[in-house]
Amino acid sequence: MPAPQAKDRPYTLENYVADLRRITAETDEEDEIIRRVGPLAQRLAVDKSWLQDKYYQTNGEQGFNAFLLHEEPDHSLAVLAVNWLPGRGAPPHDHGTWAVISGVDGVERNTRYARVDDRSRPDRAELEVKHEINADAGELICMKTGGIHSVHNDGSDVTLSLHTYGTHPNFTERSQFDLETGEKKDFKVQVE
Ligand SMILES: [Fe+2]
């Protein structure tokens, strides 16, 4: 039997974490981190060796449910599986760190925003829609620190995506934004 090609070898969560450690040891430049982590996140999303049935357990209160697959002791390099109930989503928010998100199962509508106010008021923000994409399995959504997006599941089945952050977002300064009122406030999420 011929030796398996590199692309055919399994790519495990352990492989991914080792690569995240190596990349972030080699550079702290976010564009470079995202450029290098993105294809690996897609590979892990496709490999699915990490996937467990429980990652589909939903959270009706929050509309989405998040499961921590990995984080370093200092909360850096957080990898989470996040599922979304049909018809539910997350409001516009930032992450306080870089983010690389790869679709795993189903289509998630991702809307990106630009902040257009003068940032003179700590509890207010004005956002404008930049663009919107329907991200399917294997597709990437990447944001540098300060990038703002919202997520919505327009379909009739639970969706799942794989999220990697420079730092676990419950341990960063990050915000959610209310498009109607202009309110900006803390954003912490329930994580299993
Ligand atoms: Fe997000």
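Me: Where does Lys-48 lie?

Reply: In this predicted model, Lys-48 is in the loop between H2 and S1. Its phi is positive, about 65°, although Lys-48 is not a glycine.

Me: What makes Lys-48 count as buried, exposed or partly exposed?

Reply: Count the C-beta neighbours: Lys-48 has 13 inside 10 Å. A residue needs 20 or more to be buried, and 12 or fewer to be exposed. Lys-48, with 13, falls in between, so it is called partly exposed.

Me: What makes Leu-77 count as buried or exposed?

Reply: Leu-77 has 20 C-beta neighbours inside 10 Å. The cut-off for buried is 20 or more, so Leu-77 counts as buried. Leu-77 lies in strand S2, and it also has a positive phi, about 50°, without being a glycine.

Me: And how do you know whether His-163 is buried or partly exposed?

Reply: There are 19 other C-beta atoms within 10 Å of His-163. Buried would take 20 or more, so His-163 is partly exposed. This residue lies in strand S9. Leaving aside neighbours within four places in sequence, His-163 is in contact with Leu-80, Val-82, Ala-99 and Ile-101. His-163 and Ala-78 are 85 residues apart in sequence, yet their C-alpha atoms are 8.0 Å apart in space.

Me: What about Phe-171: is it exposed or partly exposed?

Reply: Phe-171 has 16 other C-beta atoms within 10 Å. Exposed means 12 or fewer and buried means 20 or more, so Phe-171 is partly exposed. You will find Phe-171 in the loop between S9 and strand S10 (175-177). Its C-alpha atom is separated by 8.7 Å from that of Lys-188, 17 residues apart along the chain.

Me: Let's turn to the helices. How do H1 and H2 cross?

Reply: The axes of helix H1 (residues 13-26) and helix H2 (residues 30-47) come within 11 Å and cross at roughly 180°. Angles over 145 degrees count as roughly antiparallel, so H1 is roughly antiparallel to H2. On the H1 side, the contact is made by Leu-13, Tyr-16, Asp-19, Leu-20, Ile-23 and Thr-24. On the H2 side, Ile-33, Arg-36, Val-37, Leu-40 and Leu-44 take part.

Me: Which classes of residue make up the contact of H1 with H2?

Reply: The contact has eight nonpolar, one polar and two charged residues. Asp and Arg count as charged, so Asp-19 of H1 and Arg-36 of H2 belong to that class.

Me: Which strands form the open sheet?

Reply: There are five strands, in the order S1-S2-S9-S4-S7, and their pairing is antiparallel. Strand S1 (64-70) and strand S7 (140-143) are the edge strands.

Me: What makes S1 and S7 edge strands?

Reply: Each of them pairs on one side only. On average, neighbouring strands of this sheet are turned by 20° against each other, direction ignored.

Me: Which strands does H2 lie across?

Reply: H2 lies across strand S4 (99-105), S7 and S9, running at about 20° to S4. H1, meanwhile, lies across S1 and S2, at about 135° to S2.

Me: Which residues of the largest nonpolar core touch the most other members?

Reply: The core has 29 residues, and those touching the most other members are Val-37, Ala-41, Leu-44, Ala-81, Ala-99, Val-100 and Leu-162. The elements giving two or more residues to this core are H1, H2, S2, S4, S7 and S9. S2 supplies the largest share, seven residues.

Notes: Residues numbered from 1 in each chain as written. Predicted model: local features only at pLDDT ≥ 70, side-chain atom pairs only at ≥ 80, totals over all residues. Axes fitted to C-alpha atoms, helices over the stretch in contact; angles between N-to-C directions. Helix = DSSP H or I, 4+ residues; strand = E, 2+ residues; numbered from the N terminus. Parallel < 35°, antiparallel > 145°, perpendicular 65-115°, else oblique. Contact = placed C-beta atoms within 7 Å. Pairing = 2+ DSSP bridges. Core = buried A, V, L, I, M, F, W, Y, C linked by C-beta atoms within 7 Å.
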